[in-house]
Amino acid sequence: MRSEGQAWAVDQLEEITTASAGSFEVLDIEEPGEEGAALRLAVSIDCSRFPRVHGGVPLRARERLRISIPSRFPLSRPDAHFTHKRYADFAHVQWGDSICLYQAPEVEWVPAQGMFGFIERVNEWLRAGAANELDPIGMPLHPPVAYATSNYSIVPCVDAPKPEHPFWGGFVEVTRDGKVAAELGHWFAYGEERSERRLASAILLPATMPHEYPATMFDLIKTLVARDVPLHLIHTIVNLGALSTPAGKPSIFVLGAAMRGIAGGETRQHLASWLIDADQSQKLRDAVMAATLDDPKDIEAFYAWAADAKVEWCRVLEDRPQIVVRRDAESPSTFWKGKQVALLGCGAIGSTVAPMLARAGAARLELYDYNVVTPGILVRQDFDRNLVGYTKSIALRVRLIGARPDIDVTAHHRNILNVLNNPEELERLMGVDVIIDATASRSISTALELHFRKAAKKHPPIVSMAIGHNGDFGLMTLVKEQHAGMSVDADRRVKLALANTAMGKAYLKEYWPTDAARRKQFQPEPGCSSPTFRGSFADVLNLTSRMTNVAASWLTVDAPAPRAFAMDLSGDGLATGPAREIGFEWRPHHVILDGQHGYQIRMSEEARAAVLAWIRRSERVRGKTVETGGVLFGEVDELLKVIWVDEVSGPPPDSLASPEGFLCGTAGVADMNAEKIKRSSGSVSFVGMWHTHPQALPIPSKTDLGAMKELLGQGTGFLGRRFLMLIVGGTSKAPFVSATVFQRSDYGG
């Protein structure tokens, strides 16, 4: 059975097919076999229009893809696969046929765009692939893929030697030998005097490896031999590494290839690592100790193991100076007592806010995060070196208990999307006094909005915090259960408020940039690492401490209105003046429900007041029986099924008004629409019209319904997919308001 999201996805694909004029076709749909299963489709895409260059993906004139749409779409993104493995050698094709569409899904995947955004991404990938632009000059190279099968992490801390042709062979010192991670220090070439400490075996190549590393030792050895690494050297280095490994520990092997760096620039060593489990390491050591010239047991033991063994790839958490760009490289840095707080995200914001809450006397903290501590983040996130490799929630719990042993802290290595779908976990999350969202995840904010759009709106206050791309801007919102929306709604209100104030320009450029250079993302570990902001621990602490204090003052007052706070600490001078800190507080939306398609209309107090003012003017000038109306401006979110009405106009000058009806004119509407789009950076535009039914019920008349059929039917000049009709009945002193959403699909359009 299709989920609601899957049904929406299929509807969008049908729209794409209709509009594509044959360039996109859905060939087959495989329905989910059970609740929660994926919906799978076979599609055909015309690739003949894409320019081809040497070295690009040699696409056929039409490519057939398999698309898998998860049941939680669009909160979970779809996957796309080729139906063959001919492009397996290309960097952005994994497992032989899986298309790597997103470098940073949490940032790049926008749930509200649905399949429109996904198919656009597929189309752009195919175009770039044919043009050999998947790794454009100046961008990080896509590193090879070694699919980790071990939870153990390897942390290289010292720059690797530059190998000469055909290879570099030797060892690297294990400087820290933890339970879940090992740190690697100095490198020793084969034949050099080695350290007496534990060593990892290593082979570094000046050439490349396949973009998907082998899964078996036999295939891995064949790949190395094909790159002129002698077989006898491989087993000698492995055996010597095993000899230096303590009993009960796995042996470590490090493999490097010249596949890390920026396209068009110098390539550096990309390191992968595998483990030889403790039992096999012991067997190799025993064989070496028992071997003689006449009975080379060590060679026999190595070949016997390599013939059948799988490669146990482990995570490599980079800390080499030549690879990792420091996150602070360009940087210039008694309400909570007894409270129970849930912290979503234990990264830069969460790891600094949590100790503040703990030291302020919070009774209980619930920590949610599903990432791990890596070396590079220690520059600005509040973790110790010995916690590298641990999950962030557990690592932060260790830090908090170390600071305050009596605090009640629970670590959840969980994705919030999963928590929202689990009634018991959701009840625990909502049972706190305050929730602080420090994830900056569009999927999570959208998921919260969706959940409380469909369920009873009963939740603790939710504070959302975000930091600017250079660590010098802060933005925070607060929503309570009395407010119709969640943080997505509040963020939108902040954007509009900033657009309407002279002091908001810098904030708009920071958080809603239109300049391509500003939108360029910083990746501290070039490749597929998640983009982040630049900033030091001092910068983060400066912003989060101020936001935490402002949030406490809000919550102490206990006002129901949604709020926002923004601070600007950029520039060389002192952070003074009204533009350095801006605060907003809004009256609740007037919520009207659309009974036809289930949309929630959220009308601002200003828009409602303007409508009533126009009605009063009409009553004074033309009398109380003459209809009037005007134009509605706002925004539609198809995923959330929300229409915001932010601004309204009165009747355009070419409108016709009488007791029998109101015909809204169009003179000047296009100019008004263009002005609002420009001023709001695209967040306010034409969404529909309003009119009155004086001293009558606000029910669409036959005339209204006929107008909608004519407007949204085929062959009209109106290009919108839907139209909001807002009707005001009664009088200006006692108004009754209804809202109806008409969609082009209602009329076969």
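Two strands are taken to pair if DSSP finds at least two bridges between them. The model discussed here is a predicted one. Strand β15, which covers residues 364-368, pairs with strand β16, residues 408-412, in the parallel sense, and five bridges join the two. Within this pair, the residue that stands opposite Leu365 is Val409 of β16.

## The barrel and strand β8

Seven strands close into a barrel with mixed pairing, and their order is β7-β9-β8-β10-β11-β12-β13. On average, and with direction ignored, neighbouring strands of this sheet are turned by 40 degrees against each other.

Strand β8 can be followed from either side. With strand β10 (residues 199-204) β8 pairs in the antiparallel sense over six bridges, and with strand β9 (residues 181-189) β8 also runs antiparallel, joined by six bridges. Strands β8 and β9 form a hairpin, with three residues between them. Phe171 has a bridge partner in each of these neighbours: Ser201 in β10 and Phe188 in β9. Val172, for its part, stands opposite Ala200 in β10. In a regular strand the side chains alternate between the two faces of the sheet.

Two packed helices are described by the angle between their axes and the distance between the axes. For helix α12 (residues 442-454) and helix α13 (residues 487-499), the axes come within 8 Å and cross at roughly 110 degrees. Angles of 65 to 115 degrees count as roughly perpendicular, and α12 is therefore roughly perpendicular to α13. On the α12 side the contact is made by Ser445, Thr446 and Glu449, and on the α13 side by Ser487, Val488 and Asp489. Sorted by class, the contact of α12 with α13 has three polar, two charged and one nonpolar residue.

Setting aside residues up to four places away in sequence, Thr477 touches Ile462, Val463, Ser464, Ser487, Ala490, Asp491, Val494, Trp554, Arg563 and Ala564. Is Thr477 buried or exposed? With a relative accessibility of 2%, Thr477 counts as buried, because buried means under 20% relative accessible area.

## Gly114 and its contacts

Gly114 belongs to helix α3, which spans residues 114-130. Its relative accessibility is 0%, so Gly114 counts as buried. When neighbours within four places in sequence are left aside, Gly114 is in contact with Trp8, Gln12, Phe73 and Trp109. His81 lies 33 residues from Gly114 along the chain, and the C-alpha atoms of the two are separated by 18 Å.

Most residues other than glycine have a negative phi, and most peptide bonds are trans. The table lists the departures from this pattern that are described here.

| Site | Feature | Angle |
|---|---|---|
| Phe73 to Pro74 | cis peptide bond | omega about 5 degrees |
| His165 to Pro166 | cis peptide bond | omega near 5 degrees |
| Asp228 | positive phi | phi near 70 degrees |
| Gln695 | positive phi | phi about 55 degrees |

Phe73, listed above among the contacts of Gly114, is joined by a cis peptide bond to Pro74, and Pro74 is found in the loop between β3 (62-69) and β4 (79-82). Pro166 has its place in the loop between β7 (153-156) and β8 (168-177).

Asp228 has a relative accessible area of 47% and is partly exposed, while Gln695 has a relative accessible area of 53% and is exposed. The two fall into separate classes because exposed means over 50%, with partly exposed lying between that value and the 20% limit for buried residues.

Conventions: Residues are numbered from 1 along each chain as its sequence is written. This is a predicted model: local features need pLDDT of at least 70, side-chain atom pairs count only at pLDDT 80 or more; totals for chains, interfaces and linings use all residues. Side-chain values use heavy atoms; hydrogens and water are left out. Helices (H or I, at least four residues) and strands (E, at least two) are DSSP runs, numbered from the N terminus. Axes are lines fitted to C-alpha atoms, for helices over the stretch in contact, and angles run from 0 to 180 degrees between N-to-C directions. Angles under 35 degrees count as roughly parallel, over 145 as roughly antiparallel, 65 to 115 as roughly perpendicular and the rest as oblique. Contact means heavy atoms within 4.5 Å. Ala, Val, Leu, Ile, Met, Phe, Trp, Tyr, Cys and Pro count as nonpolar, Asp, Glu, Lys and Arg as charged, and the others, Gly among them, as polar. Buried means under 20% relative accessible area, exposed over 50%, partly exposed in between (1.4 Å probe, protein chains only).
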